[in-house]
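Q: I would like to go through this structure step by step. Could you help me with it?

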Amino acid sequence: MEEHISSRKNPLLQQVRKLLTSRAERRRTGLFVGDGTKLLEEAVKHWPGLQTVILSEGVQAQVPEHVRVVRVPEDVMAYISPMEAPQGALFLGKLPQPQKLVPQRGMLILDGVQDPGNVGTILRTADAMDVPVVLLDGCADPWSWKVIRSTMGAVFRTPVVQASWEEVLTACREAGIPIGVTALSDRAVDIRTAKVSDMALVIGSEGRGVRQEVLDNADYELIIPMNPHCESLNAAIAAAIVMWEIRRG
């Protein structure tokens with residue numbers, strides 16, 4: 001049975017606003033917030049931890065019987081939604097348990113990629129190409145609403161692994177997996193000539209690239225060939241090219 005809430009001061013709605021803006025609050029409560037009807041459909045299909053769905057008047061959605069459904073006026077939805085033009089659906093879900101790092105050849109490692117849109121796009125592409133991804137410290141929170149939205153639901157289908165560089169380095173060394181990094185250096189070789197499917201590949205942040213400590217421990221430095229007058233690529237575009245090379249073998 002649906003509940004109806006009209007007060008912006010309602011505790012549930014206040015919680016939603018906190019979860020949308022605070023990574024610490026998401027960690028404290030073990031909850032995340034997703035926005036949009038399409039993402040809600042994906043969560044219903046693939047996310048067992050779906051808890052609460054908040055809908056605007058007139059918006060319909062098929063949700064499991066155990067999920068709490070709350071109906072709010074459009075002005076209240078506009079108040080809690082992070083979108084300028086809300087689709088009329090927000091939902092709360094349980095955060096997953098931390099995923100164990102399992103080193104694999106052909107996995108992608110993100111180092112300090114902070115832009116939520118880039119992280120989400122990379123996770124979406126990785127889901128499509130079946131490439132495992134590890135997020136190092138300093139990356140955007142994969143459970144922020146912006147990242148979730150950019151994944152277009154991929155975050156609900158493919159486990160998100162987070163780890164420290166020390167954990168990744170140790171695991172790769174023990175498994176005998178060489179580490180390659182994308183870098184603009186004189187030592188870097190054309191990525192098309194390297195056996196990247198045998199490596200763990202690191203993509204650096206949008207501004208400073210791969211950290212020096214990561215670079216210092218890399219077995220290979222790789223470069224994506226491009227027009228000489230271009231200095232760099234967007235992190236999500238670079239990651240897509242790297243993943244394509246991984247899948248090419």
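This is a predicted model: local features need pLDDT of at least 70, side-chain atom pairs count only at pLDDT 80 or more; totals for chains, interfaces and linings use all residues.

Q: Which strands does helix α10 touch?
A: Helix α10 (residues 235-248) packs on the sheet and touches β6, β9 and β11 (200-203). The direction of α10 makes about 165° with that of β11.

Q: What is the strand order in the open sheet of seven strands?
A: The order is β8-β7-β6-β11-β9-β12-β10, and the pairing is parallel. The edge strands are β8 (161-162) and β10 (189-190), each of which pairs on one side only.

Q: How many bridges join β9 to β12?
A: Three bridges join strand β9 (residues 179-182) to strand β12 (residues 220-223), and the two run parallel. As for Gly 180, its bridge partner in β12 is Tyr 220.

Q: Back to α5. Is Thr 125 buried or exposed, and why?
A: Thr 125, which lies in helix α5 (residues 116-129), is buried because its relative accessible area is 18%, and buried means under 20%.

Q: What does Thr 125 touch, not counting residues up to four places away in sequence?
A: On that count, Thr 125 touches Ala 240 and Met 243.

Q: New topic: what is the order in the open sheet of five strands?
A: That order is β1-β4-β3-β5-β2, with mixed pairing. Its edge strands are β1 (3-4) and β2 (31-35).

Methods:
Residues are numbered from 1 along each chain as its sequence is written. Side-chain values use heavy atoms; hydrogens and water are left out. Helices (H or I, at least four residues) and strands (E, at least two) are DSSP runs, numbered from the N terminus. Buried means under 20% relative accessible area, exposed over 50%, partly exposed in between (1.4 Å probe, protein chains only). Contact means heavy atoms within 4.5 Å. Two strands pair if DSSP finds at least two bridges between them. Axes are lines fitted to C-alpha atoms, for helices over the stretch in contact, and angles run from 0 to 180 degrees between N-to-C directions.
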